[in-house]
Amino acid sequence: MNPFRIEAIQPGQPFCDRLDELARLLGHAESFQNVMLSSPRRYGKTSLALRVQDELRKDGWGCMRVDFFGVDSVEDVARRIGRGLIQALDARESLLGKGKRFLRGLTAFRPVFSLEESGPSVSVQRIPETLRPADLLANTLDDLAGVVKTAGFKLHVVFDEFQEITRLGDSGQIEGIMRAAIQGQDAAYLFLGSRRGVLRAMFNERKRPLFQSALPMALGPLPAPDAAAFLVEQFAKGGKRIATDDATALCAMVECYPYYVQRLAAEVFQMSAKQVTADDLRAGLRAVIGAERYGYQAVLSGLTPRQTKILRTIARTPPTELQGAAFVAHAGAPASSIAQTAKKLLEEDIIEKPETAPWRVVDPVFAQWLREM
Ligand SMILES: Nc1ncnc2c1ncn2[C@@H]1O[C@H](COP(=O)(O)OP(=O)(O)OP(=O)(O)O)[C@@H](O)[C@H]1O
Ligand SMILES: [Mg+2]
């Protein structure tokens with residue numbers, strides 16, 4: 001069986017490193033310190049949050065997780081939180097059993113129990129009352145606060161892809177309602193997000209409601225030696241061998257980007273004989289680029305020709321300054337418009353400017369594809 005996984009990794013499954021981050025996140029939860037954890041896409045935020053909650057659950061915490069990806073309205077924000085709360089309560093102590101005591105306090109959503117083929121399941125239904133969506137959200141968060149007060153256990157809340165609420169027109173209002181609800185609670189919130197600039201702005205800008213309400217933390221690429229050791233071990237588990245040098249080379253090819261380490265390793269595992277060779281690595285990378293191209297094309301189709309041109313220019317000749325003469329000449333756009341054109345690329349976290357290095361495309365394999373097209 002192929003030992004490499006590209007979906008979020010469940011606790012108990014092989015996971016590389018992140019022990020430090022795990023310990024820090026657990027420590028912050030214990031002291032009810034809210035945290036904002038940002039990283040590029042597919043760096044392992046969700047996998048790490050699942051591990052945090054798995055540990056906390058063993059210590060008796062109630063844990064809820066809400067994913068805001070694709071959220072379409074304030075009502076939808078409320079519904080997702082309501083559902084997260086009810087499912088968390090039901091998992092902690094059955095809402096048909098001991099947890100029944102919570103039902104009285106709910107004012108926004110109530111559970112609906114059903115028997116599916118896969119077993120009993122709980123979904124939610126709005127408690128009928130005509131409310132403005134903002135009030136529904138406020139009530140939902142009041143319900144959450146009420147649970148925190150009376151539960152008798154600690155509550156850990158993960159808000160995943162939290163920056164997605166800024167795509168809604170009334171994001172400022174939502175942030176305001178959330179700030180009021182979460183402050184001073186005996187609960188720990190972990191905000192996760194991948195459009196880093198957008199997420200950080202929510203917590204770092206003085207005029208935003210959530211200003212300084214969570215401690216910023218960033219997840220970096222995997223440490224190279226740990227990632228290589230992880231690969232050696234996983235290949236062995238799957239009954240194949242990879243030399244440490246080749247494992248190191250594999251990680252370097254994808255700049256230790258967590259998802260691509262697994263993605264490329266899965267491909268190499270698939271195509272190699274008992275012993276991995278350098279040719280397998282090259283062929284594996286070709287296969288990954290080929291398979292991922294639809295995703296890359298989708299990114300480009302969301303960009304204007306000017307944005308595409310800037311992106312490709314950054315991939316080919318990483319500039320230290322976007323306004324510099326050399327870059328302006330390469331990009332073929334007036335210096336005055338480059339910042340504006342690049343704004344969207346920054347917001348979507350497609351490009352970045354590390355403090356001590358030139359501008360770059362965040363996704364190293366996407367960058368490679370752009371260089372080759
Ligand atoms: N510590 C790790 N060890 C091994 N693989 C990892 C690790 N972290 C992430 N990965 C790989 O990255 C993939 C993405 O992980 P995950 O979904 O948790 O990331 P994410 O940051 O939440 O991504 P998204 O931005 O898509 O929500 C995993 O399926 C796995 O292949
Ligand atoms: Mg995720």
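**View 1. Helices H9 and H10 in contact.** Arg263, Leu264, Glu267, Val268 and Met271 of H9 meet Asp280, Leu281, Ala283, Gly284, Leu285, Ala287 and Val288 of H10; here, contact means that C-beta atoms, placed from the backbone, lie within 7 Å. By class, these residues divide into 8 nonpolar, 1 polar and 3 charged, where Ala, Val, Leu, Ile, Met, Phe, Trp, Tyr, Cys and Pro count as nonpolar, Asp, Glu, Lys and Arg as charged, and the others, Gly among them, as polar. This is a predicted model, in which local features need pLDDT of at least 70 and side-chain atom pairs count only at pLDDT 80 or more, while totals for chains, interfaces and linings use all residues. Residues are numbered from 1 along each chain as its sequence is written, with chains lettered from A and ligands numbered from 1 in the order in which they are written. Helices are DSSP runs (H or I, at least four residues), numbered from the N terminus.

The axes of H9 and H10 (residues 278-301) come within 8 Å and cross at roughly 120 degrees; axes are lines fitted to C-alpha atoms over the stretch in contact, and angles run from 0 to 180 degrees between N-to-C directions. H9 is therefore oblique to H10: angles under 35 degrees count as roughly parallel, over 145 as roughly antiparallel, 65 to 115 as roughly perpendicular and the rest as oblique. H9 passes H10 in a right-handed crossing, that is, with the near helix turned clockwise from the far one by less than a right angle.

**View 2. H9 again, now with H8.** Helix H8 (residues 244-253) and H9 have axes that come within 9 Å and cross at roughly 130 degrees, so H8 is oblique to H9. This crossing of H8 past H9 is right-handed. On the H8 side you will find Leu250, Cys251 and Met253, and on the H9 side Val261, Leu264, Ala265 and Val268. The contact of H8 with H9 has 7 nonpolar, no polar and no charged residues.

**View 3. The shell around ligand 1.** Look for 21 residues surrounding ligand 1 (C-beta atom, placed from the backbone, within 6 Å). The closest are Cys16, Gly44, Thr46, Ser47 and Gln262. Helix H2 (45-58) and helix H9 (258-271) each supply at least two residues of this shell. By class, the shell holds 8 nonpolar, 6 polar and 7 charged residues. Domain 1 (19-218) and domain 2 (224-298) each contribute at least three residues, with bounds from an automatic or database domain assignment.

**View 4. Helices H4 and H5 packed together.** Helix H4 (residues 133-150) and helix H5 (residues 171-182) pack at an angle of about 20 degrees, with their axes 10 Å apart. The two helices, H4 and H5, are therefore roughly parallel to each other. H4 brings Ala134, Leu137, Ala138, Leu141, Leu144 and Ala145 to the contact, and H5 brings Gln173, Ile174, Ile177, Met178 and Ala181. Together they make 10 nonpolar, 1 polar and no charged residues.

Note on methods
Two residues are in contact if their C-beta atoms, placed from the backbone, lie within 7 Å.
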